Amino acid sequence: KGMNFEVLVDPKKAWEMKKGAKIDINEVLAYPAIYKNARSGEVVQQSDLQKCFGSSDIYKVAEEIIKKGEFSLTTEQKREMMEEKKKLIASLISKRAINPQTNTPHPPQRILNAMDEVGVNVDPFIDAELQVEKVLKEIKRVLPIKFQKTLLQIKIPPQFVGKAYSVLSSIGEIKSENYSNDGSLSVELEIFSGAQDEFFRKLSEITKGSFESKILKKID
């Protein structure tokens, strides 16, 4: 209706709400008010809220503005969100990729350094998963790196199967599984090679080192 409405928010929580996360509006709003101009502190009259939104409830209106409106971040807020997204992307790549020269994972900091070197641009508002391929393509110019999966054969003693199964299913794709008469579990598990060390560490903690493993093949 030709009017402007603004709310002051926590940008990270507001963005999560905009993407559909269930977050209490009280946690999102920096201050419970609807403004014509947040910088000047000019508040909208309740009659205008009723006319434009069909409600004068500040929290209901604020939620609609957050879900349907546009974000305006300060330079510092945008920088912080970009740095967080870069770290998340670097962590994902580190868990999935290896250095083909040594067949070992690249630490996240090395990947971050490569991202800075080639000047990779990440979008703070796009899911990290959707940016991994683009970033990988860029850093390949300065870093020997490739995605590789490993097919493992794992055998878990019966007393540890319950706890171990959640780790198996969450870290990779179970290709086959077989329970022996004694209750032990044998699986063929496909995981990203970069996650192999972390996987064995977690499995060792759960089983107190009592498990069997064998590498069946590497898949580039």
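Select His106 to begin: beyond its neighbours within four places in sequence, His106 is in contact (heavy atoms within 4.5 Å) with Ser94, Ala97, Ile98, Asn99, Ile111, Leu143, Pro144 and Ile145. This is a predicted model, where local features need pLDDT of at least 70, side-chain atom pairs count only at pLDDT 80 or more, and totals for chains, interfaces and linings use all residues. Residues are numbered from 1 along each chain as its sequence is written, and side-chain values use heavy atoms, leaving out hydrogens and water.

Stay on His106. The loop between β3 (97-98) and α6 (108-118) holds His106. Helices (H or I, at least four residues) and strands (E, at least two) are DSSP runs, numbered from the N terminus. His106 is buried (under 20% relative accessible area), because its relative accessibility is 1%. Now show Pro144. Its backbone oxygen lies 2.7 Å from the side chain of His106.

Next, select Glu190 in strand β7 (residues 185-192). Glu190 is buried too, at 14% relative accessible area. Leaving out residues up to four places away in sequence, Glu190 touches Lys149, Thr150, Leu151, Gly172, Glu173, Lys175 and Ile219.

Last, select helix α8 (residues 161-171) and helix α9 (residues 196-207). They pack at about 170°, with axes 9 Å apart. Axes are lines fitted to C-alpha atoms, for helices over the stretch in contact, and angles run from 0 to 180 degrees between N-to-C directions. So α8 is roughly antiparallel (over 145 degrees) to α9. From α8, show Lys163, Ala164, Val167, Leu168 and Ile171.

Methods: Parallel < 35°, antiparallel > 145°, perpendicular 65-115°, else oblique. Buried < 20%, exposed > 50% of the residue type's maximum accessible area, 1.4 Å probe, protein only. Polar contact = N/O pair within 3.5 Å; in protein donor to acceptor, adjacent residues only side chain to side chain.
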